[in-house]
Amino acid sequence: MTIYRMRTEYLTRPLGLDQPQPRFSWLLSDEGYGKRQTAYRILAASDPSLLEAGRPDLWDSGKVRSAAVSQIRYEGRPLRFGQRAYWQCISFDEDDRPARSETAFFTVGFLEQEDRKAGFIYYDQGVGEKELAAPVCLAKGLVLEKEVRAAYAYVSALGVFTLEVNGRPASDNILAPEWTSYFKRAQYQTYDVTGLLRRGKNQLAAFLSNGWYCGLWQMWPPRPHIYGGKYPEFFCQLEIEFADGSRQTVLTDQSWRATNQIPVRFAGIYEGETFDARIPYPSLDDGSVWRPVSTGGRGDKLLLSSQKSEPIRVTQRLRPVALTQPSPGVWLVDFGQNFASRPGHKLRSVTTRCCGRTAGSIWIIWSPAHLPPGPTGRLYGIPAGAGRRNTPPVLPTWASGMRR
């Protein structure tokens, strides 16, 4: 008998769980017929070497006579914020023969209110009640004097965000932290950024857009700010453990800086994205573009809960099945199926001369449905958006996440 798909709270190797007694589950396979589990034993420890040595220091369930393979609740020593726990399962078959699983693990997030030390910050751009805030970058530099052993970033937002550490994405999640009822709560994600930090100078950068929180909702006439807030907000609590055992916590506070002078000029869940390739990403050393952040955001009053589902991420890359040109300058790309996606494309050189300046414009209309072409060969339908009011875009694409 083989044990596989070890899960904690229905997730594989989850980070930052907010459950003091998480539930375990696993699956069984065997080549024979009539095979079944008659008992199990769960071992949990603070270090995998303790499991290998048979000395679990967190929990030993003992041999439990049961066929259950899910909803097995942890009943060991109390867990604490930031803790990493490893566990194994021993399953006994109908002949009482044991099968041992591989080692799984999970980490612990915010269990108590006092575990949450950071606050929500935002960039007040002075927008009106019927206007949409521009995408922003919130950044902070920090210097680490010691070698890093482990580092976890607990992050959330009202809106959608992408976190980068030293110019590299902290996760492959898309549209994080995903939608919740922002009247009550927001989800937080936990990222292992150990390999992204280094001794010496470091930089944290969060790219924010309105998302479901203060963007449009496919309503006509458009209705922004349905949750009351006009600006996306960001939360980050970075917990760092150094090689010598000491710790440091980095929080979102007034030490962060903000700017909307970034290539992403507009980003909406249903309206698409405008990217101006002529605008460079600003350096944190360029004081002319950075402004102070505001603290005390609406998110400080909300419940933060760990994500209970697998995140949105790229799971497959598709190539077009057909490419036609219904009219000069217009291309129709057919992927042959309906799917939730965003386009990826490379541009070598698309420029024109206008008023002595180099400029270029490409429109990508991304239809979510498989629609037949019209009599002129063009695609019927428009993007599933409620419309937007913004300046003429330079590189608009039907993509709602903020990606470099």
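Glu 147 has a relative accessibility of 45% and counts as partly exposed. In this predicted model, the side chain of Glu 147 meets that of Arg 199 in a salt bridge, with 3.8 Å from N to O. Arg 199 lies in the loop between strand S14 (185-192) and S15, and Glu 147 in the loop between S10 and S11, so the pair ties together parts 52 residues apart in sequence. Arg 199 is exposed, with a relative accessible area of 53%.

The structure has 16 salt bridges by the rule applied here. Three of them are listed below.

| Pair | N to O distance |
|---|---|
| Glu 94 and Lys 35 | 3.2 Å |
| Arg 97 and Asp 95 | 3.3 Å |
| Arg 199 and Glu 147 | 3.8 Å |

Glu 94 sits in the loop between strand S6 (84-93) and strand S7 (98-100), while Lys 35 sits in the loop between strand S2 (23-29) and strand S3 (37-45), so this pair ties together parts that are 59 residues apart in sequence. Glu 94 is partly exposed at 25%, and Lys 35 is partly exposed at 33%. Salt bridges also link Lys 63, Arg 65 and Asp 96 in a network.

The largest nonpolar core has 32 residues, and Leu 138, Val 193, Phe 234 and Ile 240 have the most contacts inside it. At least two of its residues come from each of several strands, including S10 (136-144) and S16 (233-242). Beyond its neighbours within four places in sequence, Val 193 is in contact with residues including Tyr 152, Val 165 and Leu 238. A second, separate core of 23 residues includes Phe 81 and Val 160.

Cys 89 is buried at 0% relative accessibility, and Cys 236 is buried at 2%. The structure holds zero disulfides.

Key
Residues are numbered from 1 along each chain as its sequence is written. This is a predicted model: local features need pLDDT of at least 70, side-chain atom pairs count only at pLDDT 80 or more; totals for chains, interfaces and linings use all residues. Side-chain values use heavy atoms; hydrogens and water are left out. A nonpolar core is a set of buried Ala, Val, Leu, Ile, Met, Phe, Trp, Tyr and Cys residues joined through side-chain atoms within 4.5 Å. Buried means under 20% relative accessible area, exposed over 50%, partly exposed in between (1.4 Å probe, protein chains only). Helices (H or I, at least four residues) and strands (E, at least two) are DSSP runs, numbered from the N terminus. Contact means heavy atoms within 4.5 Å. A disulfide is a pair of cysteine sulfur atoms within 2.5 Å. A salt bridge is a side-chain nitrogen of Lys or Arg within 4 Å of a carboxyl oxygen of Asp or Glu.
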